[in-house]
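Morning, everyone. I have one structure to go through today, and I will keep it short. Please have a look at the sequence and the model first.

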Amino acid sequence: LSYWLNMNVVYPHVLKHWSSITKQISTYIVTNKNYNSVRIILDYFKLDFNKDNIISKERTGSKAETLIALAKHHKIEHENVIFIDDNSQYILEILDLGIKAYLANWGYEKYIKKSDVIEGKYLINEFGDIAQIINEND
């Protein structure tokens with residue numbers, strides 16, 4: 001288990017800003033991981049999160065469909081939804097929906113030249129930068 005957890009590292013800037021951001025606005029984890037894996041990671045790294053707001057592969061068909069459903073459920077216009085992912089494919093798909101989407105520069109694609117895939121304004125370098133995006137969205 002510890003080997004697997006070390007492969008799912010949580011970056012220091014995520015740990016530093018997690019609580020302040022997740023308590024600031026309604027926050028969801030929409031992931032292709034299974035629910036139990038997400039809970040184990042959150043618990044291991046002591047990241048407090050509402051378990052009902054984890055939308056794992058067991059509960060979703062696609063991230064795009066899930067975001068549309070969440071926006072509808074919360075009566076939020078698409079342009080007021082903020083989506084962050086570490087996969088440029090999802091960012092491009094979500095941007096096409098009119099949702100604000102940002103590529104996490106620290107995730108799985110950290111070694112890909114981002115300018116070839118995503119414009120700089122859609123890159124986010126640190127988890128703490130989300131606070132600025134939230135404030136711009138208010």
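This is a predicted model: local features need pLDDT of at least 70, side-chain atom pairs count only at pLDDT 80 or more; totals for chains, interfaces and linings use all residues.

The protein chain has 6 helices and 5 strands. In sequence order they run α-α-β-α-β-α-β-α-β-β-α. The chain is 138 residues long, and 39% of those residues count as buried. If you take contacts between residues at least 6 apart in sequence, 51% of them join residues at least 24 apart. The exposed surface comes to about 8500 Å², and carbon and sulfur atoms supply 50% of that area.

Now the helix pair. How do α4 and α5 pack, and at what angle? Helix α4 covers residues 63–73 and helix α5 covers residues 88–95; they pack at about 45 degrees, with their axes 10 Å apart. Angles under 35 degrees would count as roughly parallel, and 65 to 115 as roughly perpendicular. The two helices are therefore oblique to each other. The crossing of α4 past α5 is right-handed.

On the α4 side the contact is made by Lys 63, Ala 64 and Leu 67, and on the α5 side by Tyr 90, Glu 93 and Ile 94. Sorted by class, that contact has 4 nonpolar residues, 2 charged ones and no polar ones.

One of those residues deserves a separate slide, and that is Lys 63, in helix α4. Is Lys 63 buried or exposed? Its relative accessibility is 8%, and the cut-off for buried is under 20%, so Lys 63 counts as buried. What is Lys 63 in contact with, leaving aside neighbours within four places in sequence? The partners are Val 30, Thr 31, Asn 32, Phe 83, Asp 85, Tyr 90 and Ile 94.

Last, the backbone at two other lysines. As a reminder, most residues other than glycine have a negative phi. Lys 46 has a positive phi, near 55 degrees. Lys 46 sits in the loop between α3, residues 35–44, and β2, residues 54–55. With 73% relative accessibility, Lys 46 counts as exposed.

Lys 75 also has a positive phi, of about 55 degrees, and is not a glycine. The loop holding Lys 75 lies between α4 and β3, residues 82–85. Lys 75 has a relative accessibility of 75%, so this residue counts as exposed.

That is what I have. Questions are welcome.

Key:
Residues are numbered from 1 along each chain as its sequence is written. Side-chain values use heavy atoms; hydrogens and water are left out. Helices (H or I, at least four residues) and strands (E, at least two) are DSSP runs, numbered from the N terminus. Buried means under 20% relative accessible area, exposed over 50%, partly exposed in between (1.4 Å probe, protein chains only). Contact means heavy atoms within 4.5 Å. Accessible areas come from the Shrake-Rupley method with a 1.4 Å probe; for residues, only the protein chains shown count as cover. Axes are lines fitted to C-alpha atoms, for helices over the stretch in contact, and angles run from 0 to 180 degrees between N-to-C directions. Angles under 35 degrees count as roughly parallel, over 145 as roughly antiparallel, 65 to 115 as roughly perpendicular and the rest as oblique. A crossing is left-handed if the near helix is turned anticlockwise from the far one by less than a right angle, and right-handed if clockwise. Ala, Val, Leu, Ile, Met, Phe, Trp, Tyr, Cys and Pro count as nonpolar, Asp, Glu, Lys and Arg as charged, and the others, Gly among them, as polar.
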